[in-house]
Amino acid sequence: MSNQIELRHLTYFLAVAQELHFRKAAEKLFISQPGLSRQIKQMEEILETQLFERNKKKVGLTPAGHYLKKEVEYIFSHMEKVERQLKLVGDGDSGELRIGFLGSAMQQVIPKMLLQIKDKYPKVKTSLEELSNFAQVDAVLKDKLDMGFVRVSRVPSTLEMKTVFTDTFSLVLPERYPMLTREFDGMNRFANEDFILFSQAYSPLYYDTIISICKDAGFAPKISHKSVHAHTIFKLVENHMGIAIVPTSLQNGFQMRVKFIELKEIPQRANLSVIWKKEHTNPVLKNCMELLLEG
């Protein structure tokens, strides 16, 4: 018997860890259930650690099993990335850049960066995925994304973060709201209005910042609706379901019956940051980051 863990052990372990059922995992792997059980037992003997709690009714992960499951998922995710990179090198391309983003990053920052990459590194392929802040941080940590564009106050120590765009906030009102833009004299006059916000889970920093803007004006906002999409927020405002405060750049690209009042005098700003892994392995990330941070 080999006294070292091999790749097949990790494959078998992950199948059981995901299914928590030996028969289902064996079917998924196209091997016999007794054979799978032997492989897992062998793995536990090599590691001198119990990975699964077993009884007649169910299979569960031990604390060591939970830890190993996360590590094995990371290993396989990283291997997939290496395979993609090798294929691209084999095709004569420089590589792939996987980018996560919040919708607001699409207004200015990402289109400009993509044009620069296309111009300077035409063989680099890019893929884009719109995700929440938390999902982006998690994906960059797990090597499922190379970089992300987020609005957060801090990130784990293994990530780098740099502000790439600082925006003002704007109040969003229905087009026929009974107040002219020039008559705006502060947020306190909106204390009794219903507010529509981006979901706290989608962007906690944004949510807390909007609350602070209202608190500075002497009131706590009455929140009537939450969404993760700017279009939905504007649609609700358009239909007189409430008012909103959003980063000013979000007014670009939407043709809706709403009006924006830029809140230039308040101290709060909407910072968009790029995040990436300090010890990254993607050969094209460094060049593309330089383009972004120089621009």
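Buried, in these notes, means under 20% relative accessible area, exposed means over 50%, and partly exposed is anything in between (1.4 Å probe, protein chains only).

I am working on a predicted model, where local features need pLDDT of at least 70, side-chain atom pairs count only at pLDDT 80 or more, and totals for chains, interfaces and linings use all residues. Residues are numbered from 1 along each chain as its sequence is written, and side-chain values use heavy atoms, with hydrogens and water left out.

**Entry 1, salt bridges.** I counted a salt bridge whenever a side-chain nitrogen of Lys or Arg sits within 4 Å of a carboxyl oxygen of Asp or Glu. That rule gives 12 salt bridges. I looked up three of these pairs.

Helices here are DSSP runs of H or I with at least four residues, strands are runs of E with at least two, and both are numbered from the N terminus. Lys235 and Glu238 are three residues apart in helix H8 (residues 230-238), so about one helical turn separates them. Buried or exposed, what is Glu238? Glu238 is buried, at 9% relative accessible area. Lys235, on the other hand, is partly exposed at 39%.

Next I checked helix H3 (residues 33-47), where Lys41 and Glu45 are four residues apart, which means about one helical turn between them. They form a salt bridge, with 2.7 Å between the closest N and O atoms. I noted Lys41 as partly exposed at 48% relative accessibility. Glu45 is partly exposed too, at 41%.

I found the side chains of Arg189 and Asp185 in a salt bridge at 3.6 Å, N to O. Arg189 has a relative accessible area of 40%, so I put it down as partly exposed. Asp185 is exposed, at 58%.

Then I turned to the backbone. Which loop holds Leu20? Leu20 lies in the one between helix H1 (7-19) and helix H2 (22-29). Its phi is positive, about 50 degrees, although Leu20 is not a glycine. I have Leu20 as partly exposed, at 35% relative accessibility.

Glu48 is another non-glycine with a positive phi, about 55 degrees. I placed Glu48 in the loop between H3 and strand S1 (52-54). At 73% relative accessibility, Glu48 goes down as exposed.
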